[in-house]
Amino acid sequence: MTVKKSPAFYVLLALLNVSLSGCGFFFGDDGVFRNRENDYLMADNIPPLVLDESLDKSALGELYPIPPITESDFGYEADPENNEIPRPLPLSANMLEESVKIQRLGQQTWILMNVAPGEVWPRVRHFLNVNGLAVASSDISSGVIETDWIQFKTDLSTYDKYRIQIDQGVQPETSEIHIIHLSVPTGTTPPSPVNWPQASVDAEKEKWLLDELAATLASDTTEGGTSLLAQSIGGSTKANLGILRNEPVMRLKLDRARTLGTLSHAVKQEGFSPYESDAATGIFYVHYRKIDPEGPGWFSRKWSSIRNARWVTAIFGQPEDELIKLKSPYTLEELTAHLPQGAELDEAPLSNRKKEQNLPDAPGYLVMVSGEEGDLVVRVRDPYGKRLEPRKAREMLTILRKNLI
């Protein structure tokens with residue numbers, strides 16, 4: 001028996017055939033709307049445009065030039081046998097949320113902001129204008145603003161003047177604001193030019209301006225805008241990683257007192273615990289534990305949250321923090337007595353603790369400061385003054401740099 005097919009059947013069959021072939025026509029590898037997400041893999045360089053020698057080429061150039069990158073930019077020595085791309089240097093904490101802090105280190109006090117000097121300069125100028133503090137002089141290249149001589153209503157016995165220094169911070173994209181106060185008796189003629197002292201004449205009047213400025217900067221982030229001219233204030237960041245004699249180091253553009261103070265703070269922060277330190281020689285004897293860049297796992301977080309609970313103490317005797325007492329079998333004085341000196345220290349070989357005969361099995365590391373005032377070098381060595389593997393040294397210096405204030 002033959003089944004007679006209606007014309008609609010043939011029309012439906014034709015449409016189905018067209019639709020199936022149409023998928024390939026529109027969306028296949030050769031289709032009109034093919035997937036192009038991997039096309040960049042087939043991209044190739046083309047030769048640069050060549051102009052006739054008689055034409056002016058000054059208007060030509062790379063729209064997005066990429067500067068050459070060297071090992072010293074990373075404080076990193078390439079290892080051909082175990083080549084690994086180094087992690088980028090960490091930015092300062094809370095970069096996404098502006099913060100204003102008053103930092104104190106020894107006798108020094110300053111305002112720290114996690115924004116670039118180009119943003120701080122116009123906001124400080126705005127603060128001075130709003131509060132009627134006339135500006136006698138300003139130098140945007142050095143970041144210095146000097147107020148005119150003023151007189152406090154609460155103290156008519158003196159004329160007062162302020163010097164405000166805006167500078168690059170230790171961390172990337174941060175700024176420091178230092179203030180010095182000067183006063184002269186009312187009956188005398190204020191000196192011109194001013195010979196500014198190292199420290200303020202009146203600490204209370206310095207603190208007044210420091211507190212007022214910090215409070216204003218913290219409460220209002222909309223005034224002032226950004227100054228392109230002020231972007232170069234203070235030059236580069238005060239703490240940079242680099243390479244010296246094929247060894248990763250950290251260079252600090254600070255005076256020695258500030259360097260020792262900020263390193264003393266850094267070796268008590270994330271990743272480090274101090275055994276001993278000697279400010280006279282600039283050596284810190286520390287314990288180091290590697291920090292997981294991805295953060296602690298679930299079990300570690302749970303244990304950290306309960307380890308000081310009373311039932312932990314009842315079962316295990318003492319909380320974990322009290323069980324671990326960092327103590328080295330050797331003093332820093334014993335270790336430094338056996339350190340190589342001068343060129344021998346600079347050219348020390350790689351660390352091999354198992355072969356050390358004097359003070360064997362010494363734990364920890366030495367953080368060592370050397371160099372000239374304003375250009376100090378920080379190295380990390382083993383307890384015998386020997387070099388670490390470049391990858392290990394850079395890892396520790398990166399954490400140290402992040403801990404600086």
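**Salt bridges in a predicted model**

In this predicted model, a network of salt bridges links Asp167, Glu176, Lys238 and Arg258.

Me: How many salt bridges are there by this rule?
Reply: The count comes to 15 salt bridges.

Me: Why is the contact between aspartate 346 and arginine 379 called a salt bridge?
Reply: The closest N and O atoms of aspartate 346 and arginine 379 are 3.1 Å apart. The cut-off is within 4 Å, so the pair counts as a salt bridge. Aspartate 346 lies in helix α9 and arginine 379 in strand β13, 33 residues apart. Both aspartate 346 and arginine 379 are buried.

Me: What makes the contact of glutamate 356 and lysine 386 a salt bridge?
Reply: The N to O distance is 2.9 Å. Within 4 Å is the requirement, so this pair meets it. Glutamate 356 sits in the loop between α9 and β12, and lysine 386 in the loop between β13 and α10, so the pair ties together parts that are 30 residues apart in sequence.

Me: How do you know whether glutamate 356 is buried or exposed?
Reply: Glutamate 356 has 17% relative accessibility. Buried means under 20%, so glutamate 356 counts as buried.

Me: Why is lysine 386 called buried?
Reply: Its relative accessible area is 19%. That is under 20%, so lysine 386 is buried.

Me: Why is lysine 392 called partly exposed?
Reply: Lysine 392 has 27% relative accessibility. Lysine 392 forms a salt bridge with glutamate 395 at 3.8 Å, N to O. Both residues lie in helix α10, 3 residues apart, about one turn of the helix.

Terms used. Residues numbered from 1 in each chain as written. Predicted model: local features only at pLDDT ≥ 70, side-chain atom pairs only at ≥ 80, totals over all residues. Heavy atoms only, no water. Salt bridge = Lys/Arg side-chain N within 4 Å of Asp/Glu carboxyl O. Helix = DSSP H or I, 4+ residues; strand = E, 2+ residues; numbered from the N terminus. Buried < 20%, exposed > 50% of the residue type's maximum accessible area, 1.4 Å probe, protein only.
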